[in-house]
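Hello,

I am passing a structure over to you. Please open it alongside these notes.

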Amino acid sequence: LKRTKLESPNGGYLRPEDFMIGTEVTIFGRCFRVVDIDGKTREYFAEKGIQVGEPESYPDDPHRRKLRAAVAQKDNKVPSIAGSKAPDTLGKYLKNDKKLLRFSCLWDDTGRLYGKLNFYT
């Protein structure tokens, strides 16, 4: 999303107060649940005198669970007799430092026929 006014499903535009922890926000017909906010947003609400509440736990991500299981299985492998060279992970990390931006979100489409939880990264 770029900086724009977002229309509220019940008329008017979405306001900062619509993005409180524990609320569900509908943007372009998709419902998102706010589970936490960053420090700047907390400061903004504190300046306005608005209580935001405690962060909620993030919903379980089936893809991440499957990925963790695969990594755990990979770590349990028996080492090769010939040996292996350890990958240069530090060099790769330093080469790509500050070049990655990731945004994770959940689209709860369970209210529709054949709907499901959709995780996006």
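Below is what was found in it.

First, the ground rules. This is a predicted model: local features need pLDDT of at least 70, side-chain atom pairs count only at pLDDT 80 or more, and totals for chains, interfaces and linings use all residues. Residues are numbered from 1 along each chain as its sequence is written, and side-chain values use heavy atoms, with hydrogens and water left out.

Overall layout. The protein has three helices and four strands (DSSP runs numbered from the N terminus: H or I of at least four residues for helices, E of at least two for strands). Their order along the sequence is β-β-α-α-α-β-β. Of the 121 residues, 13% are buried (under 20% relative accessible area; exposed is over 50%, partly exposed in between, with a 1.4 Å probe and protein chains only).

Core. The largest nonpolar core has 10 residues, among them Leu6, Leu14, Met20, Val34, Phe45 and Val52 (a core is a set of buried Ala, Val, Leu, Ile, Met, Phe, Trp, Tyr and Cys joined through side-chain atoms within 4.5 Å). Leaving aside neighbours within four places in sequence, Met20 is in contact with Val34, Phe45, Ile50, Gln51 and Val52 (contact: heavy atoms within 4.5 Å).

Ser8. This residue is found in the segment before β1 (24-27). Ser8 counts as buried because its relative accessibility is 14%. Beyond neighbours within four places, Ser8 is in contact with Tyr13 and Leu14. A polar contact of 2.3 Å joins the side chains of Ser8 and Asn10 (N or O atoms within 3.5 Å; within protein, one must be able to donate a hydrogen and the other to accept it, and residues adjacent in sequence count only if both atoms are side-chain atoms).

Backbone. Two residues deserve a look. Phe28 is not a glycine, yet has a positive phi of about 50°. Phe28 lies in the loop between β1 and β2 (30-33) and is exposed, at 69%. Tyr114, also not a glycine, has a positive phi near 60°. Tyr114 sits in the loop between β3 (105-108) and β4 (117-120). At 78% relative accessibility, Tyr114 counts as exposed.

Helix α3. Leu90 lies in this helix (residues 89-95). Leu90 is exposed, with 56% relative accessibility.

Regards
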